[in-house]
Structure formats: structure tokens, C-alpha cells
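Here are my notes on this one, as numbered points. Have the model open while you read.

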Amino acid sequence: MAGKKKNSKPKTLDQPTASPPAEEASYFTTSDVANNGPGSPMLQGNFAGPPTKDPSSSYLTGSDPEISGDGTAVIKSDGYLEPHREYFGQRFAHFKRWVRDIELSEGGIDKFSRAYESYGLHVTAEGVRYREWAPGAKEASLVGDFNSWDVAANPMTRNDFGVWETVVGNTADGQAGIPHGSHIKVTFVTGSGERVYRLPAWSRYVTQDLTKSPIYEAVFYNPPQRYTFKNKRVVPEADLCIYEAHIGISSPEGRVATFKEFTQNMLPLIKDLGYNAVQLMAVMEHAYYASFGYQVTSFFAPSSRYGEPDDLRELIDTAHGLGIAVFLDVVHSHACNNVEDGLNQFDGTDHCYFHEGGRGRHELWNSRLFNYGHHEVTRFLLSNLRYWIEEFGFDGFRFDGVTSMMYKHHGIAYGFSGHYDEYFTGNTDEEAVVYLMLANYMCHRLYPGFVTIAEDVSGMPALCRPVPEGGVGFDYRLTMSVPDMWIKMLKETRDEDWDMVQIAHQLTNRRYQERAITYCESHDQALVGDKTLAFWLMDKEMYTNMSDMSPLTPVVDRGMALHKMVRLVTCGLGGEGYLTFEGNEFGHPEWLDFPREGNGSSFHYARRQFNLVHDENLRYKYLYRFDRAMVHLERQHHWLSAHDQWVTLKHNDDKVLAFERGGLVWIFNFHPTNSYADYRVGVAWPGKYNVALCTDDAEFLGHSRIDASVDHLSTPLEWNGRPNYIQVYLPARTAVVLKHD
């Protein structure tokens with residue numbers, strides 16, 4: 001059960017196999033479905049889906065603008081794609097065949113992606129109905145506490161498409177035949193005659209008792225009272241400021257924190273900082289805690305480590321009440337290799353949900369790879385996305401491991417040079433790419449305003465262009481090379497040698513018309529084997545010199561200054577959205593390391609020490625204040641969605657970088673010792689400028705060398721290619737953001 005190895009990234013810079021038409025899905029009156037019916041709290045708000053289309057729909061007539069084109073419109077925004085016009089046409093035709101096949105065989109993608117309403121266990125008027133796809137099994141039965149694990153008590157019947165079904169009748173007094181909290185399994189007789197036991201693939205709640213076994217147990221979740229949503233869903237804002245968080249580590253205590261604790265303690269903090277979205281990691285159930293959530297075993301179950309499913313609903317509902325969108329870190333790139341409590345060898349075969357043989361295995365992650373070209377696998381995955389939206393109210397997805405999905409080599413030992421032939425040749429896994437197109441198409445069509453983010457290091461062109469144009473359809477990609485740049489500079493380059501041209505290039509090196517989420521550090525940079533940005537800057541002095549009662553040493557002074565400047569220039573210039581990983585906003589020390597055999601199962605580094613920022617005697621509060629001021633300034637000026645970005649100055653000798661964005665002028669002096677009086681900077685707008693934010697303010701542990709009351713009047717003379725200039729005082733290791741009247 002090895003965890004996902006996040007350091008195995010590549011270096012930075014077809015017909016769908018559709019099954020015959022499945023039998024018409026049965027939709028039951030269950031406690032779950034009843035809570036999500038028309039007019040229920042879950043469907044009030046912005047994301048109510050459309051009705052299922054009928055056979056005369058525009059899908060089949062070809063008049064639907066989503067599929068009426070040929071998939072080559074994306075070439076208009078990138079001429080280098082012209083030699084690959086045929087590829088884009090074929091890929092889009094592949095996508096259209098999928099959409100039309102789903103329409104003909106299933107009644108439309110809306111209905112097709114609601115399989116969670118019929119598969120798995122559901123309470124109906126006649127009893128608890130259980131349905132499962134296991135085509136390789138010869139016999140099947142449902143067992144558990146409710147029938148004393150008797151394999152003969154509740155046998156299942158199979159249809160022509162490998163779907164098994166049974167009904168556990170109600171009790172004499174009309175109660176559900178399976179009591180809430182019962183442990184259950186499905187047992188199969190495989191093609192070889194072996195009897196095997198598995199957790200239902202659509203399990204919604206699974207638990208682990210380490211005093212008995214590390215193997216998870218499926219639990220029938222049917223509480224008498226279900227959580228009722230109180231708030232409407234949130235349409236994510238155009239200026240995304242994302243707070244990335246892991247529920248389990250969101251406490252200074254050495255233990256697993258809970259959904260309820262996150263709701264009570266973390267959401268108010270996120271709101272105070274000004275972030276308008278929270279991205280939750282490791283929610284989908286994973287047997288191995290140290291995998292950081294990237295070895296999923298039960299795709300429909302919120303991790304029981306943190307509490308019950310209704311606790312997650314309460315968290316998301318509370319966030320919505322605060323105006324905070326909630327994103328889920330989705331892992332559809334691979335699945336845990338576990339057999340007894342995972343999907344591997346589910347029906348006794350090697351190829352139920354996955355490719356068989358080597359194509360179905362990720363050799364670095366020791367995990368299984370989905371068969372995205374299979375009709376039933378696509379049903380499972382698309383329904384998984386709909387489930388998290390409909391049942392819990394998520395407002396967006398971050399798709400993990402997109403690079404691994406899109407290429408047959410999975411990015412292993414492959415260095416992308418940026419040549420377009422690397423993206424549109426035999427290297428590309430077209431089935432996976434078309435699945436991602438379907439997923440984005442579904443999310444955006446059914447839920448206008450829904451956000452999808454791709455974790456991709458390859459730089460795939462058109463990844464973040466709309467599906468109707470021929471793109472893959474993501475709203476954003478992560479700028480994964482930006483944090484790599486900062487860490488590399490801190491490790492290898494003296495302050496005096498920092499290259500302003502390289503910094504500006506890396507922060508602005510984004511594909512035209514493709515939005516990006518930028519960041520200085522995410523969870524990747526904090527994992528064991530690396531350190532947080534603050535720890536790279538200040539290292540051991542964070543243990544001894546972070547108290548206001550101790551002298552401000554040169555190391556801490558430098559570290560605090562650069563920590564603020566690096567975050568500010570990244571947020572200001574690096575993308576169309578901004579992300580931080582929890583705790584890093586206040587300079588969290590050390591690294592992340594989850595309990596495992598190699599560290600004596602210690603929780604010492606599997607926590608976030610928020611007590612540090614709440615201690616008024618410590619200096620962490622200054623970085624927290626600065627991050628808060630920066631994010632709130634963005635909320636006022638909306639530079640992340642602005643289009644007026646212009647790099648004015650990149651002066652390597654002076655170590656000065658200046659640019660315009662969002663109607664603001666940003667000036668950075670990275671020089672470790674040199675301060676400049678009356679430094680001339682070109683500006684676009686004539687008039688008066690004054691300070692909007694300064695890293696050197698005393699409230700941020702600066703030296704108060706810039707007087708915020710001073711007005712800077714422009715001179716109408718061209719400078720740095722701009723029609724006007726202003727003159728400013730630039731102390732060493734200081735950044736200032738100016739606004740104009």
C-alpha cells in the first residue's frame with residue numbers, strides 16, 4: 001500500500017469500448033434520493049441540473065453547440081496547432097461518439113452519470129436493494145451482520161451485462177432489512193471457482209479498526225436523521241484565492257483532526273484571511289493515511305477518519321454560508337492496489353475496472369490504472385463526480401495526476417521540451433483525454449460556473465480551452481513550475497545572483513487564453529524530503545529566534561522579508577488564480593510526514609501548528625497579517641481576473657522588478673543590501689499614486705522605511721516604454737504596491 005510518490009513527476013519544460021445498451025436504470029425512493037429531489041435544499045441554488053434529454057434531443061440532431069463543431073476551433077488561438085488539425089478533428093469525433101452513444105443507450109449524460117442513485121445499496125419500499133457490476137463473477141451474494149454472514153441468505157441475480165442485484169426485504173415491523181451501522185460485504189464466486197469477499201464498489205461509508213485489522217469494513221449508512229442543507233451553493237468567483245487543506249492535519253495536536261473541528265476552527269480562519277475557496281485533500285477514502293489521500297480505496301466514501309458523511313455535509317454547508325466555495329481533490333488517475341478493501345480484482349479478474357496486464361498498472365505508484373474506454377468504467381467515474389456534487393455540494397474539482405492520465409508513458413522519466421509532437425502523437429492516451437473531456441463537458445453543462453482544475457506538468461496545449469472548441473475543457477491548470485523555481489533558487493542561488501528576467505519569465509510563461517492557478521508552495525513542497533518556504537529561508541533559527549522577545553537576527557529578518565515578497569510577486573504576476581497550502585500563509589516550519597513504519601507511526605509532523613500564529617509573543621503573526629492584507633487587497637482590486645498585465649522593468653543589476661496589473665503598480669527590490677532613492681519607474685496612468693500595500697510596514701515586521709502618507713506624482717515623460725513615470729524610494733528587500741487616483 002505504498003503512497004503516491006509525488007516526486008515522480010516528469011521534468012517540466014479510437015473508438016470508445018461501449019458495452020451494449022445497459023438495462024434501464026431503476027430509480028428508487030430512498031432516503032438519499034428523497035433528500036435530493038426537486039425543491040430540496042440540496043438542489044436549491046445555482047447548480048440545479050436540467051431534465052434528462054429525450055431521443056429527439058439536440059445531441060442526436062447535431063444542433064447542440066457543444067458538439068456541433070469539428071473540434072478545430074482551438075487552432076484559431078494557437079497557430080502552432082495547425083499541423084495537428086487532423087488530430088483535433090479525430091479527437092473531437094471520438095468525444096462526440098461517446099456523447100451520442102450515451103444518449104442512445106442511457107438517455108443522456110445527466111441520467112448516465114446518476115448511477116449512484118441505483119448502484120450500491122438503497123432503501124426502497126420493498127426493502128434494501130443492492131446492485132453491483134461484476135461481469136467476471138459466476139455467483140454473488142450480499143452478506144453481513146444482518147444475515148449472520150450467510151452466503152446463501154441473499155443471493156444475487158445477474159443480467160446480460162454483468163450487473164448483479166438483490167433485495168433484502170423489510171422486517172416484520174416495516175423497518176429496513178439492513179439496520180443502520182451494519183457491516184456488509186459482497187461475496188463472489190470467481191471464474192476459477194474461488195469464493196472472494198469484497199467491499200461494495202459504491203460503498204458510501206467504510207471504517208477501519210486498527211486494533212483488529214488494517215482492512216476497511218463497509219458500513220450500511222442509513223441514519224434516522226440526515227443533515228439538512230441550510231445555505232445555497234456558491235458560484236466560485238472569477239478571482240480564485242484557494243486555501244488548500246487536509247482535514248486530518250488541521251490541528252496542532254498529534255492526531256487526526258475531524259470534519260467538525262475543521263468547520264469550527266478552520267473555516268473562520270479561512271474567511272478572516274479572505275480566501276474565497278477551500279480545496280479539500282484526502283477526502284475520498286484511502287486505506288493508507290500516509291498516502292496523503294492519493295491511494296483511494298472507496299471512491300464514494302468520505303474518509304471515516306474525520307467523521308461521518310453528514311459531518312462533511314455540514315462543513316460544506318457552513319462554508320457556503322460564509323461565501324466560501326469548496327473544491328474536492330479528485331483522484332481518477334489511478335486507484336489503490338488493495339484487493340480486500342479496494343477495486344483491484346473486484347470480480348476476481350484483473351480487468352474489471354482497469355486495463356489488464358502492464359497497461360493497467362502504474363509502476364512508480366504501485367497502483368491500478370482505469371480503463372477509460374469502457375462504458376461501465378466511464379459510468380462509474382462520471383457518476384462518482386456527480387455524487388460528490390449532488391450529495392455533498394462541492395463547487396469544483398481539482399483533478400490529480402492529469403499528466404499520468406493523458407500519456408501512455410505517464411510522464412515517467414520523460415522530460416517535456418514543449419515540442420507539440422510530444423502531445424499529439426502516439427504518446428497520448430486518447431481514451432483518457434476523451435474521458436477528461438466528458439467529465440469537463442458534464443460538469444460545465446449541468447452546473448454552470450462549476451470549476452475544474454488540472455494538475456499537469458506537461459504543458460499540454462488546449463488543456464484549458466472549452467470542449468466545444470476542441471480543448472480538454474479545464475478552467476485552470478496549476479503552474480507547477482513556479483514553486484519549483486522558488487525552491488531551486490533558495491537552494492542553489494545567492495540572493496545577489498537572483499535573475500529578475502528569469503523570475504518574470506517563469507511567472508508569466510502561461511499559454512495564451514488558458515488560465516492558471518499559481519502558488520509558491522502547495523502540499524508537494526511540504527512533504528517529507530522537502531521543506532516549507534519559510535524553513536528553507538530560516539531553517540534552524542525558526543526554533544530559536546521567532547520570538548518577539550529575542551533579537552531580530554539577519555537570518556530571520558531576511559527570511560521574513562523574502563517570504564512576503566515571494567508570495568506577493570507570485571500572487572501578483574503568476575496566474576489567474578492563487579493558492580496557498582494551509583499553514584504556509586504564516587510561515588509554517590519544518591515539513592509534512594505522516595505516521596508510517598519509517599517514523600515510528602509518529603504524528604509529530606502530520607499536523608499544522610496554528611498555535612504558533614495565535615501566540616502574540618511569536619513572529620508568525622506578522623506573516624499571517626501580511627497574507628491577509630494581500631488577499632484582501634486582491635478582493636478589492638481583482639487583479640487575478642484583470643487583463644492589463646504589463647511587465648515594466650526587469651533590472652538584474654539593481655534587482656528590481658516592476659509591473660502593472662489590476663490598475664496597480666507593483667515594484668520589488670530584491671537586492672539584499674542596496675536601497676534606492678527616487679527610483680524611476682514607468683507607469684501607464686498619469687496622476688497621483690499612493691501606497692496600497694508595503695512589505696516593510698511595521699505590522700508585518702518590516703522596518704517602516706516607506707512613508708505611506710507620501711503621494712507620488714507622475715511625470716508625463718516616457719520611461720520603460722510607458723508614457724509616464726514616478727519616482728519612489730525602494731529600500732532593500734522591500735516590495736510596494738501603489739494605487740493611482
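1. Start with the helix pair: α11 passes α15 in a right-handed crossing, meaning the near helix is turned clockwise from the far one by less than a right angle. The touching residues are Ala504, Leu507 and Thr508 on α11, and Val569, Thr570 and Leu573 on α15, with contact taken as heavy atoms within 4.5 Å. They split into 4 nonpolar, 2 polar and no charged (Ala, Val, Leu, Ile, Met, Phe, Trp, Tyr, Cys and Pro count as nonpolar, Asp, Glu, Lys and Arg as charged, the others, Gly among them, as polar).

2. A word on provenance: this is a predicted model, where local features need pLDDT of at least 70, side-chain atom pairs count only at pLDDT 80 or more, and totals for chains, interfaces and linings use all residues. Numbering runs from 1 along each chain as its sequence is written, and side-chain values use heavy atoms, with hydrogens and water left out.

3. Now α7, residues 375–392. Its 18 residues should span 26 Å at 1.5 Å a residue, and the end C-alpha atoms are 25 Å apart, which agrees (the expected span is 1.5 Å times one less than the number of residues). The helix is mostly covered, with 18 of its 18 residues buried, that is, under 20% relative accessible area (1.4 Å probe, protein chains only). Gly393 follows α7 and has a positive phi, near 90 degrees.

4. Within α7 sits Glu391. Is Glu391 buried or exposed? Glu391 is buried, at a relative accessible area of 4%. From Glu391 to Gly575 is 184 residues in sequence and 32 Å in space, C-alpha to C-alpha.

Key:
Helices (H or I, at least four residues) and strands (E, at least two) are DSSP runs, numbered from the N terminus. Buried means under 20% relative accessible area, exposed over 50%, partly exposed in between (1.4 Å probe, protein chains only).
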